[in-house]
Structure formats: C-alpha cells, structure tokens
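Please look over the model shown here, and read the report beside it.

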Amino acid sequence: MIETRHLRHLLALAEHRHYARAADALHLTQPALTRSIQALEASLEAQLFDRGRGEVTPTAIGHLLLDYARDWALAAQEMVRDVQLAKGAELGALRIGAGPFAAASLVGAAVGRLSRQHPQLRVEIVIAPWQELPERLRARDIDLMLVELSQVQGLDAIEVTALKPHPPLTVCRAGHPLTALAAPTLAELLAYPWAGPQMPQALQQRLAQALPPAARPQAASAQPLRIVCDSAAVLKDVLLQSDAISMMPAFMVAAQLRSGELQAIAGLELGSVGQFGIARLRGRSRSAPEGAFIELLLTLDAQLRAEETVLMQQLAATARAGLSPARRKSRRSATAGKPAS
C-alpha cells in the first residue's frame, strides 16, 4: 500500500533531484528518505529514480507516479480549503497575485482595508510578471489575481469580474519641453523616449488603434518603448529625472499631478485602451476572505474612478486656461504674502 508520506517524499526528491537537499526540505535524515523511496519502489516493484553522480532523475515510471502524486497533493490542498469553507472559517489565508504595474497599485489599499476588518487573516501578495500569473492561478499558488483583461482573454478555466475603466494619461515631468506646447504634434511626441511596462499583444494592438494613423504601424509591430519598466514606482522616478514620457492610468499618477511633480500632456486623448479585472478559477468555491477582498476592491475601484472624473475635469479646465499645475503652484508661491490691491 502506498502511504501519503511516500508521495510527499517522492515529490520532494523529484523537485530537489538530490537526496540530501530533499531530506533537508522534509526535515528528515538522508537515510530515512532513502528507506522511504526504497520502500515505495519495493511496493511497486519498479525503479522510480536513476541515481547519477550529481543528481537523481525520475525514470519513466517515476514520471508516471509523479503525475498522480501532484494530483493527490492538489486534491489534499483543496480538501482542507473546502473543509474550512464548510466551517465558515474567517481566519486562514488569502493569496493574491498581481502584476507589478497598475494592478499592484490597486491591491495595497484594498488589502489594508481587509486587514483592518480581519486582523487575524494571513494575506500573501504575490507580485509577479503578468505572463506567469494565469499558470500560478491554475496551480492554486494564488487564489485570485488582478490583471489587465486582455491577459486572460480566451482562457476558459478562468472567470473575471471587471473593474471600472480607468482613463490613461500621457504624462511627463513638470517643466518638460512638451508642457509649453498647447497641442504637441505626433512628431514632437515621438521625439522623446517613451517609457512603460511590457504590454500583452492584444493591449498593444488596442493602443495602436487609439493612436493617430501615422503612428499605428510602428506601435502595432513592436514594443514602441525605449525604456521598459514593469514597476510603477520606478517608472515615475524615471519620468521625474528625465525627458521620457509615459502613458499611465490616471489613478496611478493623481498625487503627482496634484502636487505638480508630473504634468499631463495635452493633445493626445486615447480614451480607455485597457481595463483591469479580478480573475479566479471558474467553478472554484469562493472563500469568505476572497469575497470580502473582492467587495472591498470593487468599492475602492469605484471611489478611484469618481476621483479620476474630478481630476480629469480639473485638468481640462487647467488646459483651457493655459496654466499647468506646476505654474499654478509657482504663481501661488509668488503671490503669497502680497497685499491685496
């Protein structure tokens, strides 16, 4: 009879490919692990690993058994989770995946509000490249993920709750040469480095269609970026220290626009070219922490969208007046303390 401990030992040895390292990971002695694998091989009357000088590798039968062992491990994990759901367990863990760009900017405040409501809840935020997140969701490494919707188009196993569309703004540092122009031409915009994250192909094509016709072929054929950066915080630092320009969702740069550190560039209205959403495995039971987080995120997202509407109105009024936030700040400083005439 195969015991569950044998399967755990099999998985560890296949992962580490070395008896000593696998034994350390399992908190066993190496002889104990060796005896466990030998007992499993004896019960099946088959060799499961080839022993080389540097490492051990699974045999064909070993690979076959590993497939069953991985399914068993996943089923055991789901069983524990379903028992917690049946008991109505509020405590436990929630694992949230997010890309390092805009999705990560949405997660922090929602997790903070969740922690305030459920201080005993353990939350793990996994920041990873968007290309990796769907597979990590399928493997149950994460419970849900925040993504740009084009990243999960066509994936039948995944269901999505869409968030509000967030308008993109083309931004640069205050005092950038482009801020002196009422309506920069396409040639003037392309004369400066563009910076931003790596984009999914579907989003890149939508962006290309939103650009003026002369810029579409270049934008659709390759990444039209000279500076590629997936971190929103680092990207904003790049903008502040250079003449690079970037397109970012309004909520990500609202504070910098209000302070005057960054400025929106007039004349390039792109509408909504991307939308974020919460992705989960289709048909998987929703835990209490997941439900609470999703509700908090939807509330936060609606608040951000309302704030963006006010911000966009302010930026439009400023553009009509021909006065940037930085110039308004400078004018207030210059007039402060002057007696009224």
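This is a predicted model: local features need pLDDT of at least 70, side-chain atom pairs count only at pLDDT 80 or more; totals for chains, interfaces and linings use all residues.

Residues are numbered from 1 along each chain as its sequence is written, and side-chain values use heavy atoms, with hydrogens and water left out.

The secondary structure comes to 13 helices and 12 strands, taken as DSSP runs numbered from the N terminus (helices H or I, at least four residues; strands E, at least two). Of the 341 residues, 41% count as buried, meaning under 20% relative accessible area with a 1.4 Å probe, protein chains only.

Axes are lines fitted to C-alpha atoms, for helices over the stretch in contact, and angles run from 0 to 180 degrees between N-to-C directions.

| Helix pair | Angle | Axis distance |
|---|---|---|
| H1 (residues 4–16) and H3 (residues 30–44) | about 110 degrees | 10 Å |
| H1 and H2 (residues 19–26) | about 130 degrees | 8 Å |

H1 and H3 are therefore roughly perpendicular to each other, whereas H1 and H2 are oblique; angles under 35 degrees count as roughly parallel, over 145 as roughly antiparallel, 65 to 115 as roughly perpendicular and the rest as oblique.

In contact terms (heavy atoms within 4.5 Å), Arg5, His6, His9, Leu10 and Leu13 of H1 meet Leu33, Ser36, Ile37, Ala39 and Leu40 of H3. On the H2 side, H1 contributes Arg8, His9, Ala12, Leu13 and His16, and H2 contributes Tyr19, Arg21, Ala22, Ala25 and Leu26.

Methods: Buried means under 20% relative accessible area, exposed over 50%, partly exposed in between (1.4 Å probe, protein chains only).
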